[in-house]
Amino acid sequence: MLLVGCGGSEADDLLSDYQQQLAESLAVSAPEPQPPANIGAFPDQDQRLFDIPELRESLLNVYALRECQITSLVAERNNQLGRVAVPSQRWLYELELWRRLDACWRSEVPDALAESDRQRLERITTTKTEHLPWASWNALFGSSEWVGSFSRASQPLPVASQIDFDAHLAALDYLHEAVTHQFDPAWQPDGSTLADHLQVLSREPLTARVLRSLMLASQRLEESNRTLATALEQPANCRRLDDFDSSALRRDTNDYLMHLEAQGERWLEAVNAVFDAHPVSRSAPEQYRQTWLATSADNGDATAPWPRFSRALEAHRALLERWSTQCALTQQRQEDGQRG
């Protein structure tokens, strides 16, 4: 089912209808639903990316290292197509260049080089070893597919989601694998596979949609919780409890919240795993992560969408249980009174 319009969504309709039915069952006024805030803007490119210096060596100096098989790579990177390559392709170039340099440095080639060329090879290899994590970070955080996943121009997830979460999670798993194995010569990167997984991420701004869903659900649950808490300060109204518990709307809302709980946790854990795989980071994306992607107060802001949603859902379940318990006690007293 598709989302309708810019001002509402199928999920919001469900949660607002649930609020209304809950209030009617409690015989109190329904809350006035307030619009949830939008998610924060993902950091700008100059705050996200590392500035990786180009390999500035004369053709003569590079040719002196021809036994390392880097001449064609350097020429490829410095031509016009190399300069406009997408970030993922630049990372594959840096990865291949580092692997050839590292393999060359560990071979017998340095022993046959002139001292100045041997020192040059050592310096370039060391530099490229330091820069490779920057390149893999830029490959992800400079890609339109990854940045688009955090787009603020997004809606909450639909109630009956047709999004292929497994395909998106597989894409994150591959990105995680690529980063963690980039220094492993036995792992072979594949440009087509990398491009395919990035393409999957471009289908949906899934991170943003998950966050928007969590924020919407939190807002509606907190409003409902205040209604429940106020109503339960008075003798529990139990007349419509059975109807509420057995209603299709209650069941659909519970199913949606359980589904969101499971999907939201899986997705945010996978996104955070990709962050964690990188041995380097920039402060602005890291701050965004702590503010918006935290899965607990221990690894970020306690008011982030997921911790907030978890608290609101837990409180809602506890209040519903309290309502049910009060009604059961009330019924027991009535039966005891009749017997007496």
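**Close-up views of the predicted model**

**Figure 1. α6, α8, α10 (165–180) and α11 (191–201) each supply at least two residues to the lining of the largest cavity.** This is a predicted model, in which local features need pLDDT of at least 70 and side-chain atom pairs count only at pLDDT 80 or more, while totals for chains, interfaces and linings use all residues. Residues are numbered from 1 along each chain as its sequence is written, and side-chain values use heavy atoms, with hydrogens and water left out. Helices (H or I, at least four residues) and strands (E, at least two) are DSSP runs, numbered from the N terminus. The largest cavity has a volume of about 100 Å³. A cavity is a set of points, on a 1 Å grid over the protein atoms alone, where a 1.4 Å probe fits but cannot get out, and lining residues have an atom within 4 Å of a point. Grid points are joined across faces, edges and corners, and a volume is the space filled by probe spheres set on the points. By this rule the model holds 3 cavities of 30 Å³ or more. Around the largest cavity stand Ser-88, Trp-91, Ser-136, Ala-139, Leu-140, Leu-175, Ala-178, Val-179, Leu-194 and Leu-198. Sorted by class, this lining has 8 nonpolar residues, 2 polar ones and no charged ones. Here Ala, Val, Leu, Ile, Met, Phe, Trp, Tyr, Cys and Pro count as nonpolar, Asp, Glu, Lys and Arg as charged, and the others, Gly among them, as polar.

**Figure 2. The largest pocket holds about 420 Å³ of space.** A pocket is an open set of points with protein on both sides within 12 Å along at least five of seven lines. Its lining has 22 residues, and Phe-50, Ile-52, Arg-77, Arg-90 and Asn-138 lie nearest the pocket centre. Two or more lining residues come from each of α4 (71–78), α6 (87–105) and α8 (115–141). With 5 residues, α6 gives the most to this lining. The classes are 11 nonpolar, 4 polar and 7 charged residues.

**Figure 3. Asn-138, in helix α8, is one of the residues nearest the centre of the largest pocket.** Asn-138 counts as buried because its relative accessibility is 12%; buried means under 20% relative accessible area, exposed over 50%, and partly exposed in between (1.4 Å probe, protein chains only). Leaving aside residues up to four places away in sequence, Asn-138 touches Leu-49, Phe-50, Ile-52, Pro-87 and Ser-143, where contact means heavy atoms within 4.5 Å. Of these contacts, Phe-50 and Ile-52 are also named among the residues nearest the pocket centre.

**Figure 4. Cys-68 and Cys-104 are joined by a disulfide, with an S to S distance of 2.0 Å.** The structure holds 2 disulfides, a disulfide being a pair of cysteine sulfur atoms within 2.5 Å. The torsion about the S-S bond of Cys-68 and Cys-104 is -55 degrees, and the link is left-handed. Distant parts of the chain are linked by this pair: Cys-68 is in the loop between α3 (59–64) and α4, Cys-104 is in helix α6, and they are 36 residues apart. Cys-68 is buried at 3% relative accessibility, and Cys-104 is buried at 4%.

**Figure 5. A disulfide also joins Cys-238 to Cys-327, with an S to S distance of 2.1 Å.** The torsion about the S-S bond of this pair is about -100 degrees, so the disulfide is left-handed. It links distant parts of the chain, 89 residues apart: Cys-238 is in the loop between α12 (206–231) and α13 (241–245), and Cys-327 is in helix α16 (residues 305–339). Cys-238 counts as partly exposed, at 26% relative accessibility, whereas Cys-327 is buried, at 7%. With the bonded cysteines of the protein numbered in sequence order, the pairing is 1-2, 3-4.

**Figure 6. Ala-27 and Gln-69 have a positive phi although neither is a glycine.** Most residues other than glycine have a negative phi. For Ala-27 the phi is about 60 degrees. Ala-27 sits in the loop between α1 (10–26) and α2 (45–48), and is partly exposed, with a relative accessible area of 49%. For Gln-69 the phi is near 60 degrees, and Gln-69 lies in the loop between α3 and α4.

**Figure 7. Over residues 1–7 pLDDT stays under 50.** pLDDT is the predictor's confidence in each residue, from 0 to 100. For residues 1–7 the model has 13 contacts beyond four places in sequence. Where pLDDT is low, the predicted coordinates should not be read in detail. For the protein the mean pLDDT is 89, and 91% of its residues reach 70 or more.
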